[in-house]
Amino acid sequence: IQQEINLNVASLVDVTRAFIGRLTGVLVNVASSLGYQPWPNAAVYGATKAFVLNFTEALWQESRGTGLRVLALSPGPTRTEFFDTAGSDDMARGVRLQTPAQVVTTALRTLDRRNPPPSVVSGTFNWVMTLTSRFTTRRANVLAFGAMTQWQMRSRQPSH
């Protein structure tokens with residue numbers, strides 16, 4: 001857990017702060033669609049990605065007018081080695097996966113806008129999932145994602 005926090009939070013802040021004054025062009029930090037809602041069994045990951053999202057959006061404002069464009073990119077499940085590394089290669093079973101090219105295209109299209117926003121969610125399904133937190137109470141959100149997590153866990157168990 002500490003390594004995950006160190007990588008996703010501490011290292012990101014340290015590297016960003018070390019170079020932010022000298023950067024020009026574009027800074028893209030990778031958050032996650034899980035940073036928008038509480039997801040049981042991925043609590044630390046989601047919380048660190050919520051930090052990345054908020055940190056990067058604040059940098060977006062701080063960097064306005066400096067020549068540095070800042071974007072928090074929040075992909076959902078993407079076809080990478082993430083699930084193997086996380087120790088659950090079947091975690092993505094039944095989940096709509098994007099390709100890395102689709103995620104990069106989302107970032108580039110967003111940055112090509114005349115007035116790009118501070119953050120973007122890649123993929124329509126992922127974007128819709130992030131909207132749930134805006135239209136429900138926090139309690140309802142946690143309960144709903146908890147129920148979805150339990151359903152996913154049960155559906156992955158081998159039948160006897």
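**Exercise 1.** Work out what span helix α2 should have, and compare the result with the distance between its end C-alpha atoms.

*Solution.* Start with the model itself: it is predicted, so local features need pLDDT of at least 70 and side-chain atom pairs count only at pLDDT 80 or more, while totals for chains, interfaces and linings use all residues. Residues are numbered from 1 along each chain as its sequence is written, and side-chain values use heavy atoms, with hydrogens and water left out.

Step 1: find the helix. Helices are DSSP runs of H or I with at least four residues, strands are runs of E with at least two, and both are numbered from the N terminus. Helix α2 covers residues 43-62, which is 20 residues.

Step 2: apply the rule. The expected span is 1.5 Å times one less than the number of residues, so α2 should span 28 Å.

Step 3: compare. The end C-alpha atoms of α2 are 28 Å apart, which agrees.

**Exercise 2.** Describe the sheet: its strand order, its pairing and its edges.

*Solution.* Step 1: two strands pair if DSSP finds at least two bridges between them. Three strands make an open sheet, ordered β1-β2-β3, with parallel pairing.

Step 1: β1 (25-30) and β3 (119-121) are the edge strands, each pairing on one side only.

Step 2: look at one pair. β1 and β2 (residues 68-74) are joined by six bridges, and valine 30 sits opposite leucine 73 in β2.

**Exercise 3.** Find the salt bridge and say how exposed its two partners are.

*Solution.* Step 1: a salt bridge needs a side-chain nitrogen of Lys or Arg within 4 Å of a carboxyl oxygen of Asp or Glu. The whole structure holds one.

Step 1: arginine 17 and glutamate 62 form it, at 3.6 Å from N to O. Arginine 17 lies in helix α1 (residues 2-19) and glutamate 62 in α2, 45 residues apart.

Step 2: arginine 17 is partly exposed at 43%, and glutamate 62 is partly exposed at 49%.

How values were computed:
Buried means under 20% relative accessible area, exposed over 50%, partly exposed in between (1.4 Å probe, protein chains only).
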